[in-house]
Number of protein chains: 2
Amino acid sequence: MSQKLNQLKEILGEVADLNHAGSVLSWDQQVNMPPGGGEARGQQLATLGKIAHEKSTSDEVGKLLDELKKEFAGSDSDESAMIRVAARNYDKATRVPAEFVAEQSIVTTAAFEAWVEAKGKSDFSVFRPHLEKVVGLVQKYISFFPPADHPYDILLDDYEPGMKTAEVQEIFGSLRPKQVELIKKISSAKQVALRDDFLHKKYNEKKVWDFSEIIIGRFGYDFSRGRQDKAAHPFETSFSVDDVRITNRFEPNSPLATFFSGMHESGHAMYEQGVNPAYERTPLAGGVSSAVHESQSRMWENLVGRSLPFCEQFFPELKKTFPSQLAGVSAKSFYKAINKVEPSLIRVNADEATYNLHVMLRLELEIEMVAGRVAIKDLPEIWNAKMRETLGITPPDDAHGVLQDVHWSYGLFGYFPTYALGNLVSAQLWEKINKDIKDLDDQIRKGRFDSLLGWLREKIHVHGHKYDPQDLVQKVTGSRIDSAAYVRYLTRKYSDIYGL
Amino acid sequence: MSQKLNQLKEILGEVADLNHAGSVLSWDQQVNMPPGGGEARGQQLATLGKIAHEKSTSDEVGKLLDELKKEFAGSDSDESAMIRVAARNYDKATRVPAEFVAEQSIVTTAAFEAWVEAKGKSDFSVFRPHLEKVVGLVQKYISFFPPADHPYDILLDDYEPGMKTAEVQEIFGSLRPKQVELIKKISSAKQVALRDDFLHKKYNEKKVWDFSEIIIGRFGYDFSRGRQDKAAHPFETSFSVDDVRITNRFEPNSPLATFFSGMHESGHAMYEQGVNPAYERTPLAGGVSSAVHESQSRMWENLVGRSLPFCEQFFPELKKTFPSQLAGVSAKSFYKAINKVEPSLIRVNADEATYNLHVMLRLELEIEMVAGRVAIKDLPEIWNAKMRETLGITPPDDAHGVLQDVHWSYGLFGYFPTYALGNLVSAQLWEKINKDIKDLDDQIRKGRFDSLLGWLREKIHVHGHKYDPQDLVQKVTGSRIDSAAYVRYLTRKYSDIYGL
């Protein structure tokens with residue numbers, strides 16, 4: 001039987017190699033590729049994707065899995081977990097016809113280009129026919145699967161295996177009024193505006209970049225197994241457990257944002273760098289789900305990076321590097337500035353108090369779109385009404401409204417909720433960590449992150465895909481994903497900052 | 001029948017995509033990859049290579065080729081050429097068993113590492129057992145093919161399709177005494193040493209790098225379809241006709257060498273950028289042979305880059321950029337300095353008058369090694385004796401002797417002769433170009449390279465693999481590869497510089 005397992009591992013190892021090769025090609029496309037290279041690159045990626053799909057959906061894999069499932073049923077060994085994950089991947093991949101994948105690739109490539117144009121012109125009508133096609137494909141995708149409790153479950157499951165729409169709605173339903181109440185309290189406490197002008201002064205790009213690498217190097221991001229490059233958008237990508245790269249950017253209008261996007265991506269990357277090397281080239285490699293991944297990135301960005309102990313640690317050095325920009329600013333006032341709460345239009349720039357509300361808006365819209373209960377042409381108006389209702393502000397145009405995110409052009413429906421779930425998990429883990437590491441604040445104030453990273457490695461990272469995400473969260477924190485810890489975290493943080 | 005052709009093109013298109021993906025991974029390995037990434041990268045490259053080999057040697061391809069060969073025989077269409085080249089590739093690939101390819105990969109990976117260590121320590125004994133294995137594999141490789149006029153023909157054919165060992169020996173036999181005589185004349189004319197101290201002063205790396213990009217941009221290297229990056233060794237690599245990249249390096253001891261290696265690699269790259277785009281993803285894509293490729297790189301490096309008209313064009317600007325280093329130096333004295341003749345130990349640093357002799361030495365040794373007429377253990381001694389005999393100098397150690405080149409560790413036997421053949425072809429083309437473009441020197445003096453590049457595009461580049469190399473040279477210059485034009489070129493050049 002171990003021979004069958006080896007056969008399966010060999011095939012899936014080749015699939016992993018093909019997928020990683022594709023990741024190198026995509027990374028190169030976004031970081032290095034000269035403008036002329038796009039057409040051939042698309043073709044190369046399509047070929048790698050096609051061969052990986054053929055190999056991973058072959059009858060041989062199906063037969064091996066059937067036999068191995070029986071053999072390894074009920075065990076909690078790595079092998080058993082590997083076969084479980086491989087069987088789930090196989091089931092999904094074989095349900096979706098190759099022609100559909102090809103059609104989806106064509107439709108979303110065109111939709112992405114239309115979205116870039118539409119956003120540039122702030123003209124939803126350019127994107128509308130493409131979005132209609134994308135939604136049609138999403139509905140068709142759902143039809144390949146057996147009926148679920150909620151059609152959206154099928155989409156969600158691709159990013160958060162096992163998570164149900166009803167559960168997300170329940171979590172969000174309990175969280176929402178508490179976040180709204182908190183925002184109201186903050187708003188009425190804001191008699192004196194927080195000073196944050198120094199965040200928008202002129203900073204030298206290279207100095208900011210180098211400083212960001214010092215920070216994430218101290219966190220524990222291993223540059224001997226990774227690198228940070230410039231790209232249009234910050235992202236993390238893995239070619240193996242020993243080659244996990246991140247990208248970042250510098251925006252002159254918001255120069256210090258580079259620090260926080262660097263911390264965020266390094267959080268994703270440290271997760272990938274910490275997975276058990278024995279899982280390489282198997283379905284257990286890599287982070288287990290979008291929400292658990294996001295819990296790592298948001299933890300390093302927010303619970304560490306935007307904490308007072310960290311500001312006390314890092315601000316004096318920052319001030320030495322940028323003495324004129326930060327003249328008269330203290331660690332505490334820096335801390336307050338980077339945590340300023342202000343309902344705003346753009347999700348990716350939102351503060352922690354309002355961020356999840358952006359996500360909830362998108363989830364509601366996605367469910368309605370997929371159910372066909374909303375006409376795509378009405379989307380901008382509905383979006384704006386929801387923004388008024390949720391945050392009390394109206395987008396001045398579609399670029400700052402319904403067109404702001406790229407996800408729908410890629411066909412990524414079911415992804416958004418995991419951003420908010422990740423925030424919740426980060427706070428759940430944080431409470432547990434602080435029970436296990438009593439002096440964590442002190443350690444952070446001294447610039448020591450090894451106990452924290454060691455804890456995350458042992459409890460989360462090393463397991464890769466071995467446990468399903470909800471089981472992992474339960475195993476580590478004692479409860480499934482819920483919002484209580486996050487509400488406690490936000491309340492404590494903003495009570496201090498705004499004197500609530 | 002066109003359906004069969006399309007089937008073949010589809011399969012070979014996927015093979016091309018896989019090979020190009022492998023090239024991206026190799027480029028990344030040499031330009032970007034963090035140290036940790038090596039092991040997984042080797043595995044990914046092996047998988048891409050294995051799948052490409054399986055696809056290109058399938059029975060399906062064999063059957064399609066058999067039928068298409070009959071159909072397209074005798075035509076001089078692109079399709080006919082494509083089938084001819086595809087059939088040759090298929091024949092070669094199917095003769096070599098997959099296990100041999102795997103063994104070769106393991107042996108040469110270890111041999112490369114041993115070579116790095118051996119060169120570092122200047123200790124041939126570290127490399128010796130590996131080189132013995134490599135030579136054994138080369139002999140085994142030859143055994144997979146039907147007997148040729150000369151066993152070395154089989155190796156040569158992989159880099160220079162159709163070229164015979166006897167022909168190379170005849171060409172070199174006629175060239176050698178003329179080059180030796182020229183070197184003697186130069187040596188006795190060198191009463192006054194050429195001043196070249198300014199080439200070894202301290203130059204700012206970034207300024208040199210930027211200047212090298214200005215030069216190759218003016219030559220016509222298209223940066224919208226390529227880029228230049230730093231790597232340990234200069235090389236050119238193509239991912240498609242629209243993404244052709246080069247690498248370069250900066251050596252503080254020889255700072256201006258960056259210009260010439262940049263010109264050299266841009267010559268390779270302009271060739272690849274100029275191939276008929278209709279040949280993309282077919283066996284006709286890319287440069288036709290190593291010698292023709294080298295004719296392009298050496299032409300831009302030497303016949304253009306080290307010419308007096310080019311120095312007159314580029315030196316005044318160079319002097320403005322580096323006024324202190326070049327104080328008191330004229331374009332003419334710069335020209336003489338970069339063309340200084342001096343028998344030296346290292347092939348890649350050799351001047352044009354002595355370069356080919358380094359190549360001849362290697363060809364003689366390779367033929368003896370492959371025939372088993374020389375014991376590998378005696379190689380350092382034989383090398384040194386040949387260096388004395390050829391150039392009158394003795395390597396102080398093996399690092400500057402038999403261990404200087406990486407090629408043998410890779411198993412690249414049959415490659416070296418193409419370096420010298422490329423020099424000869426560059427001069428043959430140059431004579432023809434100067435007949436067709438009467439005022440070429442004037443154009444170069446004015447910094448105009450468009451007629452020259454246009455000529456090369458039309459006569460050489462656009463054809464890709466359509467014509468076999470000797471046929472192409474014949475078609476363009478009226479004769480097969482020979483040394484007369486190169487001897488005329490060297491004699492004219494050095495008569496001027498050394499007043500012979």
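Thr165(B) touches His150(B), Tyr152(B), Asp153(B), Leu156(B) and Ile367(B), leaving aside residues up to four places away in sequence; a contact here means heavy atoms within 4.5 Å. The model is predicted, so local features need pLDDT of at least 70 and side-chain atom pairs count only at pLDDT 80 or more, while totals for chains, interfaces and linings use all residues. Residues are numbered from 1 along each chain as its sequence is written, chains are lettered from A and ligands numbered from 1 in the order in which they are written, and side-chain values use heavy atoms, with hydrogens and water left out.

Thr165(B) belongs to helix H8 (residues 165-189) of chain B; helices (H or I, at least four residues) and strands (E, at least two) are DSSP runs, numbered from the N terminus. With 1% relative accessibility, Thr165(B) counts as buried, where buried means under 20% relative accessible area, exposed over 50% and partly exposed in between (1.4 Å probe, protein chains only). The side chain of Thr165(B) also makes a polar contact with the side chain of Asp153(B), at 2.4 Å. Such a contact is a pair of N or O atoms within 3.5 Å; within protein, one must be able to donate a hydrogen and the other to accept it, and residues adjacent in sequence count only if both atoms are side-chain atoms.

Now to the sheet. Three strands of chain B form an open sheet in the order E1-E3-E2, with mixed pairing; two strands pair if DSSP finds at least two bridges between them.

| Strand pair | Sense | Bridges |
|---|---|---|
| E1(B) and E3(B) | parallel | three bridges |
| E2(B) and E3(B) | antiparallel | four bridges |

Strands E1 (228-230) and E2 (236-240) of chain B stand at the edges, each with a single partner strand, so one side of each has no neighbour in the sheet. Asp229(B) stands opposite Thr247(B) in E3(B), and Glu236(B) stands opposite Ile246(B) in E3(B). A hairpin of two residues joins E2(B) to E3(B). E2(B) is mostly covered, with five of its five residues buried.

Finally, the two copies. A rotation of 180° with 0.0 Å of shift along its axis superposes chain A on chain B (RMSD 0.0 Å), by least squares on the C-alpha atoms of residues with pLDDT of at least 70 in both. The two copies are therefore related as by a two-fold rotation axis. In chain A, the C-alpha nearest the axis is that of Ala21(A), 3.6 Å from it.
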